[in-house]
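Work through the exercises below with the model open beside the text. Each task is followed by a solution in steps.

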Amino acid sequence: MKRIVSILLVVVLGYFVYTSLYVDGFDMAVSDNRQTSISDAYITKSVTSENESVTYMESTDLENGSANIVTAIVTDYRSFDTLGEVTVLFLASIGVSMVLAGFTKKYQFKMKTNRILKTGARLVVGLALVLGVYMFTHGHLSPGGGFPGGSIIGASILMMYLSEENFRARMASFKWMESLAGTVYVLIGIIGLFVATYFLENFLPTGTVGALVSAGIIPIVYILIGLKVGSEVSGIIDQFLTEEVAS
Amino acid sequence: MTITMIVVGLMALSLVTYVVSKMSKGLGSVLTILGPLVALLFFLLEGSGIASGSSIGILQFGATKLGWFFSVTMLIVYGCVAFFNPYWMKKLVHPSAYNMLYILSLAGTIGMFFAVDFIVLFIFLEIAVFASMFIIPFGKSRNAAVVYFAMSTFGSFAFLYAIFMMYGKFGSFDISFVLGQLATEPTTAIWVIILMGIAAFVKLGIFPFHIWLPMAHGNAPDTFSPILSGGLVKIGAFIAIMVVAIAPTYEVLKNSYEVMGLPILIYIVLIIAAISMVVGTLMAIKQDDAKKLIAYSSVANAGYIIVGIALNDQLSLSGAMMHIFAHAIASAAAFLSIGAVSYRTGTTKISELGGMIQKMPITYTVYLISIISMAGIPPMAGFISKWLLFQSLASHGLMFIGAAAFFGSVGSFLYVFRPLSGLFLGQLKPQHNHVKEAPIFMVVPMVILSGISLFFGVLPNGLLNFIGKIQVELGVEGITTVDTAIMGNNGLLDPTLVFINFGLGFVKAFIIFMSLSKSRKVGLMDTYTAAEFVYDPNVYHYAKSYYAPIERLYEKHPDIVALYKGLVQRVVDLGRLLQFIFFKTKPGTTALFIVLTIILVLWGEKIW
Amino acid sequence: MIQIAGLILILIGLYGLITKRNIIKMIIALNVLEIGLNLFIVSVGYVQDGIAPILTEVNNSSGLIFVDPLPQALVLTAIVIGMGTTALSLAFARKIYATHQTFDLNEMGVEE
Amino acid sequence: MVALSIINVLIAMGVALFGFTLQTSVAGVNRKIIGRMQKRYGPKWYQEFRDIFKALSKRGITHGWVFDFGVMMALGGILATAMFMPVANIIAFEGYDNFFIFVYLFAVGMLGMAMSASGSGNPLASIGVMRALSQMVGYEVPFMVVILALVSAYNTSSISGLVAIQQDLGWNIIRLPIGALVAFICLQGMLGKKPFDTFIAPAEIASGPMVEYGGKQLGMLFIMHEVSVFVEVSLFVNIFLGGGNNVIEFIAKYFVVYTLANLIANTLGRFKIDQVITFYYKVPIMLALLQAGLIIFLGWGVN
Amino acid sequence: MSQPILLIAIPLGLAFLSIILKKIKVPLLVLGLLFSSMLVFFIEKKSYIIGGFKPPFGINLVVDDYNLYFIIIVNVLFLVLVLANLSAVKPMATVLLVASAGLNGLLLTGDLFNLFVFIEIASIAAFILLTMDKQFLKVFHYIIIGTLASSLYLLGIVILYAQYGTLNMADMSGLIDGGSITPTIAYLLIFAGLAVEVKLLPFNGWVKGVLETASAFTGPLIGSLYAGVMLVVFGRVFGGVLNLSGTMVTSLTIIGVITLLAGEFMAFQSKHLRQVWLNSSIAQSGLAVILFLQGLHHVAVLVIVANIISKFVLYLVSGKIAAVIGHDKIADLKGIFMNKKALGIAFTITSLSLIGLPLFFGFFVKINILIALFQSSNMWIPALVLIAALIESAYVIRLLVTMWQVGEEGEKPETIEKPTFSLKVGFVTCAISIILGLMLLVSGVYPDLVINQSVKAGNVLSVNDEIQVFTMEGGLE
């Protein structure tokens, strides 16, 4: 009965939302070739300077040098959001460790891992770590970036945890990394404020669009984010794979 | 000295009093005496033409005769009652706070009477209310303060709403301007009149808003009950006068349906006033606590005041004002005498006392004089006002209201006699054998108040002439007096003549009495007992359920307190229900509510 | 179409939140809701025949038709935030389990 | 002070004295009549005077100052009330003989007596006072309502004014029989005659308020009682029977009213106190309101 | 130097640092907050660009009369709160720094999506802070509902983005005013999202569990600062950006009114101190929301300011009482202030201000609410507001009387012994309560500064030349 009512309610809600979005003159449907002026400016990188078009490996010294436009938005145009996002993750990792404060002993799975798994895992972990690092260093050029990169690092740590019974990452160093990465991110912002004019301003030369060393602070920020996210995710994983010390 | 200076000075004094009281309780309580007395002195010296003084911010005052009249009444009461404060310092829980709030409530009332602006009026009204509210729990009851404040706030908010209705229409808070404009907006005007009327009813303790009066007056500290009954209740009368006399009520209501030549609304008000006379009287008759009894009598007397104000003619209005004055003085004196008894014996229950006249004759005399005034018996001030009111009732031919008024009047003989007989007369309880007369500084203010009652009962014309001037100020024909006689609609009253006649009669009786052989003095236990030997004064005293035969007749009366309790219970239940519905520990429920709300709003959007 | 799918996922998530009394299931429902939301956001930025907004050697000019990059950036943020809250709520779930020995709200008996 | 010349005061005192003499005599005569009715011989017509003087001459007891003071206050109040009473064409204070003065000044005397009685310390007295006051609640209201209607209709509350109007229009008792009936029932209560003598109830509460009195206090209370009966009956005579053109007519009417009341009293038993109140709030008040309604709304009998 | 971004950046940076510099966590926290509360006084009113891109494209922070007012209050109170609970904050120092940054971000940001991020930061910080009270299940409730709420909010702004192609508040506001369609569903979703945080009635299932056990630290933080900031955000979004009209205003106002009344009803029946205040907070939020929806921003601002300050003191004192006595059942707190008069006086002043008695700040709030409502020719809302105020007065006075007086009904005080338990509350708490109480008293006698500031603040959201307010100095202006 409860379920039927709930389903009914949800369906009614869906109907109302649907009609308000698509029927009552409020046009949410995908229109063709609709570019908002803002996104257009992001794509042509013409927010501060008048810029007709951007060409890969040709345009130089633009307001933003990232070939990946999403990255450009995430780490430059709306970098402040990203700082907040990092903070959320940071908070989550602190929160997890505070909530599970008594949980210190590593969780013992019932199933024992075998040698193949262990060896395979080590192999993959190395590759995965490299992949992660690649991801966040090339975030301004290709899909990916700090967050996926960091997550991949976290995933590799998880793999180690699962495959090796006694493996325990050194959380202290992760903490240092996390802390330093975060602090440096903020510092970069503040440097922007003092060296240039604005907080988080891209005060380095942006170089050529598409080059590895380009786009000013974007790669630095993404590396920091990658390190930070990686260490935070690892921290969370570490915390989750522990259990309460029986007292 | 200007009004502004007095009001601001009193407010400052209240803080000073607090600080001084922290150092020395006695000194602080002396300040509570000096404050009102000095202010009274200024008012009397400057007369009703006292300068209003420059405004401080929004605090702007305008001198009116009406305000002067009320202020002086209030100051007399406050000044006289304050003499009791030093004696209560060690009995109170928070003596410093008491002293501060005492002066603060005075400042509130005085400020209110002279306000030219509704907001200022409201500010001071609320100050008076909350200052007094905090004093009440120093007495016997904690709930009383809450009930008082809740009821009072109900009235205040009705008033506030009315103020803002007028503001919404006329864009101003200026009292005379706004009330003057009222006739142009009849619909608003009627609402304003009703709401302000409710405010007046609540403050005065008119049925059905009277329940706070016995609770608050009966349970407040003995030093503060006289203030509540004699002073603060009269705020309601002030508001009522404002509604009926200053606002063009009769003009607004002139097209409405008429009963007995009066607009229906006025007639309803009269009926409510009549009910409150009857209810107040009946409830007062059955009280065993002397303070509660006087409190209920205030309810009944408030009915008279409202009748007088509502009729708003030459005689009734002057009767109402005279009654305000007379009742303030008399009820303060009555409460003070009960307070004095309580000071010496620690109780105000009639059935626990008896024969106090032997120990406290002056207190007894003060009580006697004040109840004579409260019952409206010559030669006290209360008679003048009742006579004027009856004149007006008779000339309007309001027979039902009249019947209620007569009932209240006769009933007042009953209830005032109950403490007189049970508390002061009769057998003295053995445990009170060592009680002494009240201290001299408690006796002095009581005697002063009694003197005022008597003086204005014999020579009221000075006061009545002033009331006449107030009436003219309010746009009503003033009361006319000839020498010592008062001109009524259908007869003359010469209080002086009445007093002289009474004096002559008394002298005759005195002569007869003295010329005859002297009686032998015997003790109170030495009485006719039908040959029974009675040795215990406790069992030989008729004070418990004094009016049992009458009380039996209406013991099954509907209880208005239960009604209010039910209302409060409903609020509590509703709150519990809401809390039960909305505050579950299950997030799913909250999510459900969110979904439901969104659906409902969207649905509303679709429909309209 | 994808928008509709996103909306449906949101509704499923809501349904789960309303009916489920199991903490883990509630967290899952919340995740479903968030995924639906993310899907919706991304689909809002879709442009007919648009390509991913990355300049590469193939798509080397900004004159091409790209899909709206902003919603994608928003989704990135939203995903990470969602992950953070999920992690936190799972930690809470573990803690609650440690105290009550159950994930089911009905069995905890703390209803007032 | 318009009215207060020595002459007026002397006249007023004369009225009071006249009232006392009249009522005491009439009461004596009535005792005779009642005696005859009961197949007794009855006392002499001046027996009441004898009783009073006897009491006054005795040496009594006192229970403290309020006991004496109350008696004086009672007698003083009642005498002052009687001084206002117009008797036929003898009016001490023309225009000032306001009805409300009678009611309230009368109460001073009553209060004095009640105070004195309670001050005696005897619970029986207190019970008597309580009953008297309770009874007052009963009879006062219907009576006042009728008077209110009259005052409202004639626009005067002066007793002499009411008398004068009746001399033009005729007696109120004829034109307003319901009101007169109510007033008479109330008079019965005021006088404390059976069936409304509950507050005295000699055999039950030993004469109630009077239980402790003897000697001069009792004598003074007798005087006070006689004067108060004079005031009460005279009010009825003046308001409903048109007073009198001369003293003889007034005395005749007075006699008739008082005797009638006495006769009725001697044919009835005694109500309990709550029966008294219930009775007054059933019959007389309804009749009074009916009469008032007839007068105020319909104007019957007043023009 | 007076860059408002530092209000966010410095605490964030310190927060990141503090996890390695564990030993000096608390000094870092105090330092950061001290810095913030100094900085707020030097901030200029203008729009600050972040990252060098002008507003519709980049994110900007806005400092205007509206939020500057609250930034000052919130930062100073945050510092004060930490100082009052210095012994308790050690484990939470990092989170507190983030919370401070989050609250400042909520107040400052001029971008709708950035607002979402800060809502998340602030609420996650709140979740973690609330674990101090060890009520995990109840916080879990908050997490679920809070996350749901922010998802709804996000959905709303995405729909708006799809419609108008911008996320900047000022830009959005202009486009909405110029546009032809009313995106009702988006408004409603945003409303639902914010309503959870501002505790409107059907949305606030989490409040009771969280706040009724709140300590002297989490209580003022969540009940006063968070609530105030969320209301400010609500005002910013619904007063400044979205342009409601027609049925929508009515429906949402009804929700506000229900919240107001139901909050007071629930508070009236509450038997525990903190339960009373949480219900009263709900009611006050309802009131502020009503005023914002009716376009009476300046009075809504007044309500928020009064509510932040008064609830701060009330939760602080109540939390301390609960900590010292061990419970907060009102019936067992008879005469608790008799041995701690200073604290009691502060508590009393604050509660009297809450119910709007003259001489206290709340009075002018009440008067101005009524003036504003009547000016917009509303008849029903003021009546309901007054009914709510009536109920509020009743329970607050009942509470005060209980806490100042000993003895059962009918007992005379002179016969009763004074309570023996003593209320050991630190000097700092007392001092803070008294100072805040005195502020309410002073601004109750001279409210002009606050009121004028509120009018300025309100005018930021929508300029209204015909605003009339009642002040001490000039009466009706």
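The model is predicted; local features need pLDDT of at least 70, side-chain atom pairs count only at pLDDT 80 or more, and totals for chains, interfaces and linings use all residues. Residues are numbered from 1 along each chain as its sequence is written, and chains are lettered from A and ligands numbered from 1 in the order in which they are written.

**Exercise 1.** Find which chains share the most contacts, and describe the side of chain D that takes part.

Step 1. Two residues are in contact if their C-beta atoms, placed from the backbone, lie within 7 Å. Of the 7 pairs of chains in contact, B and D share the most contacts.

Step 2. On this interface, 76 residues of chain D are in contact with 70 residues of chain B. Elements of chain D that each supply at least two residues include helix H1 (6-37), helix H5 (123-154) and helix H10 (215-240). Helices (H or I, at least four residues) and strands (E, at least two) are DSSP runs, numbered from the N terminus. H5(D) gives the most, with 17 residues.

Step 3. Sort the residues on the chain D side: 47 are nonpolar, 23 polar and 6 charged. Here Ala, Val, Leu, Ile, Met, Phe, Trp, Tyr, Cys and Pro count as nonpolar, Asp, Glu, Lys and Arg as charged, and the others, Gly among them, as polar.

Step 4. Look for strand pairing, which requires at least two DSSP bridges between two strands. Strand S6 (residues 520-521) of chain B is joined to S1(D) by 2 bridges, and the two run parallel. Opposite Lys521(B) stands Thr62(D) in S1(D).

**Exercise 2.** Determine which chains have no contact with chain D, taking chain A and then chain E.

Step 1. No contact joins chain A and chain D; their closest C-alpha atoms lie 64 Å apart.

Step 2. No contact joins chain D and chain E either, and here the closest C-alpha atoms lie 29 Å apart.

**Exercise 3.** Describe the side of chain C that touches chain A.

Step 1. The contact involves 38 residues of chain C and 50 residues of chain A.

Step 2. Helix H1 (2-19) and helix H3 (69-100) of chain C each supply at least two residues of that side. H3(C) gives the most, with 16 residues.

Step 3. The chain C side divides into 23 nonpolar, 11 polar and 4 charged residues.

**Exercise 4.** Decide how many residues of helix H3 (residues 69-77) of chain A are buried.

Step 1. A residue is buried if 20 or more other C-beta atoms lie within 10 Å of its own, with C-beta atoms placed from the backbone.

Step 2. In H3(A), 9 of its 9 residues are buried. Among them are Ile69(A), Asp76(A) and Tyr77(A).

**Exercise 5.** Describe how helix H13 (residues 297-325) and helix H14 (residues 341-354) of chain E pack.

Step 1. The angle is about 145° and the axes are 9 Å apart. Axes are lines fitted to C-alpha atoms, for helices over the stretch in contact, and angles run from 0 to 180 degrees between N-to-C directions.

Step 2. Residues of H13(E), including Ala306(E) and Val317(E), meet residues of H14(E), including Leu343(E) and Phe347(E). The residues of this contact divide into 8 nonpolar, 4 polar and no charged.

**Exercise 6.** State the order of the strands in the open sheet of chain B.

Step 1. The 3 strands follow the order S3-S4-S5, with antiparallel pairing. The edge strands are S3 (481-482) and S5 (492-493), each pairing on one side only.

Step 2. Between S4 (residues 485-487) and S5(B) there are 2 bridges. Met487(B) has Leu492(B) as its bridge partner in S5(B).

Note on methods:
A residue is buried if 20 or more other C-beta atoms lie within 10 Å of its own, exposed if 12 or fewer, and partly exposed in between; C-beta atoms are placed from the backbone.
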